[in-house]
Amino acid sequence: MSVPQPIIDLLRALNSGVTETIKQAEQVYSQLKKQEPDQLVNSFIVLLRTSQDELLRSYPPVLLRTLVNVNDSGSILKFIKPETLATLKTELMFAVKQEPKNFIRHSILNVIAILAIQLVPEQQWPEILQFIIESSSSPEENLRESSFFLIGAIIDDSRVAQTLSPHFSHFALLAEKGLNDPSPKVQVSALQTISTFIDANPEKAEVFKPLIPAMLNTIQKTIESNLEKEAQKGILTFIIIAQYHSDWFKTSFDIIYKVFFQFLEHQSLEDETKHACLHFFLTFAEFKSSIMKKKMYLEPIVLLLLKWMSSVEDLELQEWNALDTEPSDDDDSNVAFEAIEALSHCISKGLWEFFLQCAPTLFNSTNWKERYTGLMTLSSISEGCEKQIRANFKNIIQSILPLANDSHPRVRFAFFFCLGSFASCLKREMQDLYKTLIPVSLQHLNDPFSRVTISNCEFLTLFLDEIKPSKVKEFKAPFLERLSPLLQNADYKIVQHSLNAFSSVVDGIGEEFTQHYKEIMPFLIKILRTQTSIETRTLRGRAIETISLIGLAVGKKVFLSDCVQIIEYVSSLEKFKEDDPQVDFFLRAFTRFAQCLGEDFVPFLGYSMSPLMDAINGEVGNFEQEDEFTNQSVDGTADSGSIVMENKAMALEMVSIYAMELKHHLFPYVEQLYKGSIDLVDFPYSSLVAIQAVNLIPFLVRISKQYFETVGNLQDGMKHEFTNKLFLSSFERMAASIKTEAEPDTLSAKLKALSDLLDIGGQCEQADKILQSTFEVVIESFNTLQEIEEEYQQQIDEEDEDADEAPEREIIDDAYNSLAMVLGEVCIQYKEKSVAHISSVLPTMIDLIESAPSVEIKTSMICILDDLIENGGQEAFQLYPHIVKPMMNCTAPNLNPSLVQSAVFGIGLAAENGKDFFSPFLMDSLQLINNVIVAYNQIPEKDDDIVVARDNAISAMGRIITNLPQHLGANFPQTISLWLGYLPIQDDGEASSIIKSLCILIRDFNQQIITQQYIVKVLEIIAVGLHKKVVTANEKQIIEVALGSQRALTTQFLSQLSNEHQNLLANFFKN
């Protein structure tokens, strides 16, 4: 057939580059698709096969891609005749064979791939597979390369991969032939195809494992032939195999290592090639650390990375000082920095041991670059090697302290950069050394190089976060003396970062900053009003951040007047643009204003809520679109979409803070907020947005409840129709969402929100329905978490006894903890009604207590049992034979102290609540608990976890003694003596339990307890309880009666106590 001239004119118009002409042509094209789809497709086929005009051959496949793609809105595949489709399939294969131009041929292959993805799973194009096989043996190099490109393109689709999975062995033979092809281009195409098979169906891809030597040989040949781009594609295949099938390399890793390491050392290879090899080693280390941690493999790579890091660019110091950050190009130095950080997360022990060998040479080198490298390496591995660094922390700090005075500014910069990294992940250890580190920091706040000062300020900001106020107040004067001049500096960057550090100091000083308020506040307000340039936007943001923190420190009385003026001023400004860095600072500052002003902030809610509502309701749009006429990705919306999502997440977080602070005053916005946030619970583009929306929902229900109780004068705000409807809608949406959630961090947030909702409205009129629905969610969540756990365990190298836990471990543990919170809340809300439901998941819980891969999961399950024991009544006590023994099995002193603590606490609760039901376990439990106490008391330096576990064991012993004294029989006096001998305890958390047990004993067994043998110990325990303010009015009365009957004995032995304890008791008796 001949091609109608209007279609030829159409193609030329679409490619004209003239906007108006293109618009008119698009309209014509749209009409043709609707009215003459067969003519359009047939014309494109004829042009592809017969036209000598390159334009008229190149444009039809571009348009055909969308025409035959049923997932594209412009598709006409469903509307063309069967004979047209048959012709299209046949002619496309012929077109590939005859097309001389590579770019056109690949465009045709893309059309074939899209068509095949839709037809092969339906068995509607068997000829395409035969075409691929025949083409792989063609004498034409381009056709052989095309066959591998095509099979790789279609197997990438999951439906095709599933359909063809029985034939993977045939494709492996095909790939082997391609790897042995005389053409490097065909070899690389075959190699890439293998990676696609592995990516598409890792389980069925085992048939490709024998091809590893040939694959490696292909990469070597491409390097020898100076085809580095092709080699990089081949190395990427090895990276994919390392990710999915690291075991494939167990027997051949030695040769692979030698080849790739030679590439790493090769000076003339492109950076991209060397970095691809490094990426392979990092991926293999992540999934097969047991091999990669061997010294013969690890140490040469680390040495090379240190060498690369030491090649940092030697900039002119003034040029370096003018930079905002360290140079971040993809050169060897920066790639090495990121690589050694990645290694630290999977081979922390081996890496740390080798770094310790290298560190003295680096720190004491005469070459500033090596000293810099030592510090930057220590910084980069600080998180991954946290456990090892913590064990050597004081020595490490002592070894790097001299570098604070290094002659080279970039080394001094690296010193404070390193301290900042330590402050992020080793906060407690760093703050314990405050007497050493704060003076060092203060000494260098006037460094002649601003970047050193800025790095120092950044360290101070991190270091002072959550520090004990007393430690800041100890250095209050020098802090203000050193930081105040920096606030007046001509360099706005120094002012900006010193403000950040200053804010942290103010946060620590607290109310004592009031005397300096009048000096600093006018200066900060001046920055707010005058620093309005684009360059100083962040400085202005820091200023309002500092203002808000000062407000929190000094309180409403001092801050109110200025705060109101600042709010009114900011309210008068033009609306910030979405990408303005001030937005985050100002919105967060307003939440602090609300925290400071409380109800006095309510009049300004309208201003603060308006931008938050805009952000929550902001349209994200499509992140990536494909232009129908060019097949080019158009991602101009991506950046703005990311900003919109960041703003959504931040706005939702801010509203949650307002909800906590302003409570029912936020009620006028509840309905609007609910509509804006409920659909974001399953937001597909950002888990952070979804999590923040999930966190907000329970706040909205609680606000409604509070409003109708406070303003509506209802005794229970849940009974109002609006609140009840809001609760049920929220609960149903959250429950449905949890059942389909597969990401552990989002699942955790949703379970936590469900727990909060149960806490608010669990006793509503539909309580039985809510309980049933909750357990459907619980069962589904257990199944989901089991699947997530299995997937996580598959990624762990079981052969590496030193394998580090991946970050996902903590996320999964947190999800289990959130599930435990739901079950705990069920026990609290539904009491005995909950027991039957808990029993249905009890086998799963017991199994997790006995065999879960982490202490945190075991502890979470025991916490559920604690809530069951406390709230389940007689029905729960009947379960003691099933639940007490698993807890007893978790009390061995060699187990994790956190697990032991939860177990002994649960045993104590079981005795206190179940009493006679607990008697079968009495003596064995006491023995186990005593073993814990004795073992922990023998540890010379006890950390906090050991102390808490021991003191919980002592408390549990007291609960057992006081609730089952008759069951102790002749053992009672000895057990009493033992228990009193362990007192007093250190942990504040169990102090009230100890006093409660003691009061029961001195009330019920006065003659046995208030004796010369025990009176000093009894008085000491009471004094400690008074000091910790845990003695209730009823307990005070018991103590007065018990000691009053033995006043002479009390007076006789009172002097044996410390002065502090004597004074406490003297005041007690006086009152």
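**Notes on the predicted model**

1. N713 lies in the loop between α38 (687-710) and α39 (721-740). Its phi is positive, about 60°, although N713 is not a glycine. Keep in mind that this is a predicted model.

2. Overall confidence comes next. The mean pLDDT of the protein is 91. Of its residues, 97% reach 70 or more.

3. Helix α21 (residues 368-380) has the highest mean pLDDT, 97. Strand β2 (residues 633-634) has the lowest, 40.

4. Where does pLDDT stay under 50? One stretch is residues 623-627. For residues 623-627 the model has 19 contacts beyond four places in sequence. Another stretch is residues 630-638. For residues 630-638 the model also has 19 contacts beyond four places in sequence. Strand β2, at residues 633-634, has a mean pLDDT of 40.

5. A cis peptide bond runs from L983 to P984. Its omega is near 0°. P984 sits in the loop between α51 (972-981) and α52 (991-1004).

6. How many salt bridges are found in the whole structure? The search gives 46.

7. Which residues form a negative surface patch? They are E313, D314, E316 and E319. D314 is placed in the loop between α17 (295-309) and α18 (317-321).

Terms used. Residues numbered from 1 in each chain as written. Predicted model: local features only at pLDDT ≥ 70, side-chain atom pairs only at ≥ 80, totals over all residues. Heavy atoms only, no water. Patch = residues over 30% accessible without salt bridge, like charges linked within 9 Å, V, L, I, M, F, W, Y side chains within 5 Å. Areas by Shrake-Rupley, 256 points an atom, 1.4 Å probe, with all protein chains shown as cover. Salt bridge = Lys/Arg side-chain N within 4 Å of Asp/Glu carboxyl O. Lys, Arg positive; Asp, Glu negative; His and termini not counted. Charge placed at Lys NZ, Arg CZ, Asp CG, Glu CD. Helix = DSSP H or I, 4+ residues; strand = E, 2+ residues; numbered from the N terminus. pLDDT = per-residue confidence, 0-100. Contact = heavy atoms within 4.5 Å.
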